Amino acid sequence: MEKRIRVLVAKPGLDGHDRGAKVVARALRDAGFEVIYTGLRQTPEQIAEAALQEDVNVVALSLLSGAHPHLFPRVVELVKGKGMTDVLFVGGGVIPDADIPALKDAGIAEVFTPGTPTSAIVEFINANVK
Amino acid sequence: MDIANELLAGSRLALSRAITAVENEYDTAVGIMQKLYPHTGRAHVIGITGPPGAGKSTLTDKLAKEYRRQGKTVGIVAVDPTSPFSGGAILGDRIRMNELTLDEGVFIRSMGTRGSLGGLSRKTAETVKILDASGKDVIFIETVGVGQSEVDIVKAADTTLVVLVPGLGDDIQAIKAGVLEIGDVFAINKADRDGVDRLNIELEMMLDLNQDMVDWRPPIKRTVASQNQGINELVATLEEHIKHLEETGKLALRRKQRTKNELLAMIEEQLGRYILRNINESGQFEQLVTSVQQRQRDPYSVVNEILKDRLK
């Protein structure tokens with residue numbers, strides 16, 4: 001049996017909107033990935049532990065509240081701290097362009113802002129997953 | 001790293017990686033399972049099955065919490081369907097179990113069915129063994145939402161809990177074969193809804209018709225999982241069932257039957273693979289397919305010939 005790419009789609013923080021995350025989850029499913037969706041209002045600690053238990057290859061974070069400069073890097077730090085050093089991190093949501101370089105420095109490989117076709121996310125994951 | 005040794009020493013990462021190795025059939029998988037096997041056979045394995053939307057995930061969450069309150073460690077394997085078209089899956093059972101995520105006495109793993117049709121994935125039984133070897137006292141297997149014939153769970157679990165909800169169908173549904181025959185315990189969930197008494201009566205009548213319940217009649221328990229109602233009673237009933245199996249010697253019988261099934265399945269799989277590799281390498285297989293398709297040969301004698309040549 002060939003390996004399936006496993007992706008955790010997670011919403012850290014307090015915003016209550018997951019339409020975008022669900023659209024992305026569906027697109028990733030249609031691309032043949034196994035998508036683990038954990039629902040709204042997750043703490044970085046919960047996301048990191050779910051990533052460990054599910055042994056995912058990719059963690060996709062979605063956030064609309066503006067707390068990304070704090071929460072995204074925190075998730076990366078916690079996941080790596082569990083010994084999962086080969087996970088690919090991507091982010092999405094309402095993220096100002098000015099914030100993107102700092103997120104990339106913190107280990108988020110790519111940030112997808114509103115209007116990105118879902119096929120671009122699929123292509124990026126296929127090209128960069130380890 | 002030596003995954004099996006690290007798992008036995010308590011590493012959660014090793015536990016997770018062991019499941020991945022088995023699920024993806026990595027070369028390391030057999031070695032890991034060989035080392036873990038002597039450490040299995042201790043956990044009480046509880047299958048949770050029922051139609052989509054019956055509340056299996058929510059009930060599993062609440063049952064796990066009650067077992068944790070009693071000081072037991074818990075493993076959960078949650079199976080969701082894989083798309084037959086894309087091969088992808090959305091595994092969403094964790095949504096109902098988020099409060100368990102940070103409890104170190106709990107480990108939850110989601111799996112896609114990956115083409116398996118019996119309500120489980122092909123690697124569910126081995127995943128249960130891995131969790132068992134890691135020392136979990138109770139392991140829940142949550143099946144995909146089932147219809148009437150996805151009954152693989154019986155072969156994998158010590159105790160099968162069938163979860164039903166009021167309002168799904170009339171009493172004809174209750175005498176159908178399949179899922180309703182496999183319950184060791186029944187839970188009528190969402191029992192605050194209309195129709196619960198009627199469903200209860202229909203189930204009792206169905207059980208009245210069963211001839212083979214000499215010493216265990218499956219109890220029917222009412223729960224409202226979302227309100228945490230009936231959970232303690234349900235756990236007590238599940239415990240009674242495993243105690244019954246132990247005292248009557250049926251647990252050993254069930255597990256022996258399971259071991260037999262697993263050995264036969266492994267022989268079948270390895271033999272199939274060996275022959276497939278062998279006929280592909282010989283290069284004759286395509287010719288044989290063509291000759292059968294064009295009715296020059298019949299498939300029965302071709303299969304006999306293939307097996308005779310290779311199994312001496």
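**Legends to close-up views of a predicted model**

**View 1. Chain B and its secondary structure.** Chain B contains 12 helices and eight strands (DSSP runs numbered from the N terminus, helices being H or I of at least four residues and strands E of at least two). This is a predicted model, in which local features need pLDDT of at least 70, side-chain atom pairs count only at pLDDT 80 or more, and totals for chains, interfaces and linings use all residues. Residues are numbered from 1 along each chain as its sequence is written, while chains are lettered from A and ligands numbered from 1 in the order in which they are written.

**View 2. The largest nonpolar core.** A nonpolar core is a set of buried Ala, Val, Leu, Ile, Met, Phe, Trp, Tyr and Cys residues joined through C-beta atoms within 7 Å; buried denotes 20 or more other C-beta atoms within 10 Å of a residue's own, with C-beta atoms placed from the backbone. Among the 67 members of the largest core, A18(B), F140(B) and I141(B) touch the most others. Helix 2 (residues 12-23) of chain B supplies the largest share of this core, six residues.

**View 3. Strands 3 and 4 of chain A.** Six bridges join strand 3 (residues 58-63) and strand 4 (residues 88-93) of chain A in the parallel sense. L63(A) has G93(A) as its bridge partner in strand 4 of chain A.

Notes
Buried ≥ 20, exposed ≤ 12 C-beta atoms within 10 Å, placed from the backbone. Pairing = 2+ DSSP bridges.
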